[in-house]
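Welcome! Here is a short briefing to read alongside the sequence and the 3D view. Take a moment to look around before you start.

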Amino acid sequence: MLDVIEARLGEAYLVHRLYAANEQEAIEKAMPAIRAVVTGGGTGLSNDQIDRLPALGLIAINGVGTDKVDLVNARGRDINVTTTPGVLTDDVADTGIALMLSVLRHIASGDRFVREGRWAKGDAFPLGISPKGKRMGILGLGQIGRALGRRAEAFGMTIGYWNRSPQSDTGWIAYSTPKELAANSDVLAVCVAANAATEGIVDVDVLEALGRKGVIINVARGSVVDEDALLQALKDGTIAGAGLDVFVGEPCIREEFLTSPNTVLMPHQGSATRETRIAMGELVLANLHAFFNGEKPPTTVN
């Protein structure tokens, strides 16, 4: 089905693929005429690249992250930037819950324990932690944060949150700062959008407030966490563990993560189900169709 989306893209438009080595010369020649770019949230499109595309009118992001595109610059040049909101919310929230359970119940280490024959040898395996009765703090109460909170409630957790703008339509407990939220959480779920204002928002103070029994889950972007502080907190027991789907500089993440205790690492797979990726592709196609027909792309964000 993903091949069908790719085929439809090729049928409707003249497509140049930047990742294809044999297309580099053709892309250089086509730059003055390129009107739309399809990219991923983790890749984006730099201002230098935008400057080389004088006819550009649409940057269609296959994802919800906009931190790799200068939205103000794009709007100043009358370039629409679109994302694929809504359709990936549930799968990313599911990933957050999966990471939480994997850390609390030692799922990944339990798998290794069995495969290495240690269970058969009679070695002891540590008890896990139940989510029931624990406090989940959600950093960033957008669509994904809300979906994650609803799922956590089903596990018997109480929900608190911090958000950059006030939220009046939830009965969950609001905290005034990320540090205050962390101090009142057993699990801190990072769902905040990545931008200049949120870079490194999970810092030493937040991690210390979360405490030695606390667990951090990140399904947002690697940049919103101070990785130096996180690695040190994991190493010295400032926090109990982490479930991470995103990293700075991914996929070439820091080697220290590979040996960090009580961590579960995923290769940025939050939205990576066939169903969601097809739905995301459909939204990208819908935005392209609108733009090339002189209409406002439906999920423009700038």
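Let's begin with helix H11, whose buried residues are Thr276, Ile278, Met280, Gly281, Leu283, Val284, Leu285, Asn287, Leu288, Ala290 and Phe291. Please keep in mind that this is a predicted model.

**Helix H11**
- Helix H11 covers residues 274-292, which makes 19 residues.
- From its first C-alpha to its last, H11 reaches 27 Å, close to the 27 Å expected at 1.5 Å a residue.
- Just after H11 comes Gly294, with a positive phi of about 75°.

**The largest pocket**
- The largest pocket has a volume of about 1,200 Å³.
- Its lining counts 36 residues, and the closest to the pocket centre are Val15, His16, Val37, Val38 and Thr39.
- Two or more lining residues come from each of helix H1 (2-12), helix H2 (24-30), strand E1 (36-40), helix H3 (47-51) and H11.
- H11 gives the largest share of this lining, with 6 residues.
- Sorted by class, the lining of the largest pocket has 22 nonpolar, 8 polar and 6 charged residues.

**The second largest pocket**
- The second largest pocket holds about 1,000 Å³ of space.
- Among the 45 residues that line the second largest pocket, Gly63, Val64, Gly65, Ile144 and Arg221 are the closest to its centre.
- Helix H5 (89-104), H7 and H11 are the elements that give two or more residues to this lining.
- Here the largest share, 3 residues, comes from H7.
- The lining of the second largest pocket divides into 18 nonpolar, 21 polar and 6 charged residues.

**The cavity**
- Around the largest cavity you will find Asn218, Gly222, Val225, Glu227, Leu230, Leu244, Val246, Phe247 and Phe257.
- That lining is made up of 6 nonpolar, 2 polar and 1 charged residues.

- Arg146 sits in helix H7 (residues 143-154).
- Arg146 counts as buried because its relative accessible area is 18%, under the 20% cut-off.
- The side chains of Arg146 and Gln167 are joined by a polar contact of 2.5 Å.
- Beyond its neighbours within four places in sequence, Arg146 is in contact with residues including Leu141, Asp169 and Trp172.
- Asn163 belongs to the loop between strand E5 (158-162) and strand E6 (173-174).
- A polar atom of the Asn163 side chain lies 2.7 Å from the backbone nitrogen of Leu141, and one lies 2.9 Å from the backbone oxygen of Ser165.

Methods. Residues numbered from 1 in each chain as written. Predicted model: local features only at pLDDT ≥ 70, side-chain atom pairs only at ≥ 80, totals over all residues. Heavy atoms only, no water. Helix = DSSP H or I, 4+ residues; strand = E, 2+ residues; numbered from the N terminus. Buried < 20%, exposed > 50% of the residue type's maximum accessible area, 1.4 Å probe, protein only. Polar contact = N/O pair within 3.5 Å; in protein donor to acceptor, adjacent residues only side chain to side chain. Contact = heavy atoms within 4.5 Å. 1 Å grid on protein atoms, 1.4 Å probe; cavity = no way out; pocket = protein on both sides within 12 Å on 5 of 7 lines; lining within 4 Å. Nonpolar A, V, L, I, M, F, W, Y, C, P; charged D, E, K, R; others polar. Expected span 1.5 Å × (residues − 1). Points joined across faces, edges and corners; volume = space filled by probe spheres on them.
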